[in-house]
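Good morning, and thank you for making time for this item. I would ask you to look at the sequence and the structure together as I go through them.

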Amino acid sequence: MPTTPTPKSGRPARAGLPDGLPVPGRFTHLHPDDGACLMEAASLLATGCFTDRPTGTHPVLAALARAVNDAVDDATRHTLWPLAADLANAHPADRAYGPLLVGTVVDAARRVRPDSRRLKCRSAACHARAHRLARARTRTTPARIADMLWWHGPGHHHLEHALRVLLTAPDADQRLSRLLHRAVTEARVRTTRQQAPTHAETTSQRG
């Protein structure tokens, strides 16, 4: 089967990449002809729209994916490319997911800098919030506002600081790649579980 040339350079697409996607690249792009970041590829797969903030991906996971895509080298970025298909539909609905993911990234940074009191405090804060929200209601307007304020405030700040620490590790590319792979897998498990019909819904449909 002939390989599909990339739009401008005419170079063949790399092996293992989904057919028809632009060439992997860092940062955002104006058009698929210029390449795409991982989230732009996920958006193309999900909706056909070219954006790095698709609605089908949880915003915290999307932020992590964008950061990892931009931080790693070209070879590692190509190994991340197949994750685009899973990222296209990875949006856990539970309120605990956002702080839990940020806490996971902070914990990864603590393995690089285990003596950091700041990282220890931020990990505790994220996991405490996740535990508190584990059984909280998700669809109320005050809840959505509270979660948005947390993410655009301390949540985003904690994530960015943890990523900066991870980038100081000598094997930063490998650490970030493993972290993103685990995060996407967990998000897909949670999303699939939440989208599956309950026993009551299945019984009602059969009746």
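How many helices and strands does the secondary structure of the protein chain come to? The protein chain has 9 helices and 0 strands, where helices (H or I, at least four residues) and strands (E, at least two) are DSSP runs numbered from the N terminus. Read from the N terminus on, the elements run α-α-α-α-α-α-α-α-α.

A word on the basis of these values. This is a predicted model, in which local features need pLDDT of at least 70 and side-chain atom pairs count only at pLDDT 80 or more, while totals for chains, interfaces and linings use all residues. Residues are numbered from 1 along each chain as its sequence is written, and side-chain values use heavy atoms, with hydrogens and water left out.

I turn to the chain as a whole. Of its 207 residues, 42% count as buried; buried means under 20% relative accessible area, exposed over 50%, and partly exposed in between, with a 1.4 Å probe and protein chains only. The protein chain exposes about 11,700 Å², and carbon and sulfur atoms supply 55% of that area; accessible areas come from the Shrake-Rupley method with a 1.4 Å probe, and for residues only the protein chains shown count as cover. Contact means heavy atoms within 4.5 Å. Among contacts between residues at least 6 apart in sequence, 69% join residues at least 24 apart.

Next, a pair of helices. Two packed helices are described by the angle between their axes and the distance between the axes. The axes of helix α2 (residues 59–71) and helix α7 (residues 141–166) come within 11 Å and cross at roughly 30°. Here, axes are lines fitted to C-alpha atoms, for helices over the stretch in contact, and angles run from 0 to 180 degrees between N-to-C directions. The crossing angle therefore makes α2 roughly parallel to α7; angles under 35 degrees count as roughly parallel, over 145 as roughly antiparallel, 65 to 115 as roughly perpendicular and the rest as oblique. The crossing of α2 and α7 is right-handed, the near helix being turned clockwise from the far one by less than a right angle.

Which residues meet between these two helices? From α2 come Pro-59, Val-60, Ala-63, Leu-64 and Ala-67, and from α7 come Trp-151, Leu-159 and Leu-163.

Helix α7 also holds Gly-155, which is buried at a relative accessible area of 0%. Leaving aside neighbours within four places in sequence, Gly-155 is in contact with Val-102 and Trp-150. The C-alpha atom of Gly-155 is separated by 9.1 Å from that of Gly-103, 52 residues apart along the chain.

Finally, the charged pairs. Side chains of opposite charge can pair when their charged atoms come close. The whole structure contains 8 salt bridges, each a side-chain nitrogen of Lys or Arg within 4 Å of a carboxyl oxygen of Asp or Glu. In helix α3 (residues 74–80), Asp-74 and Arg-77 lie 3 residues apart, about one turn of the helix, and their closest N and O atoms are 2.6 Å apart in a salt bridge. Asp-74 is exposed at 51%, whereas Arg-77 is buried at 2%. Arg-53 and Asp-52 form a salt bridge at 2.9 Å; Arg-53 is exposed at 55% and Asp-52 is buried at 9%. Asp-94, Glu-186 and Arg-190 are linked in a network of salt bridges.
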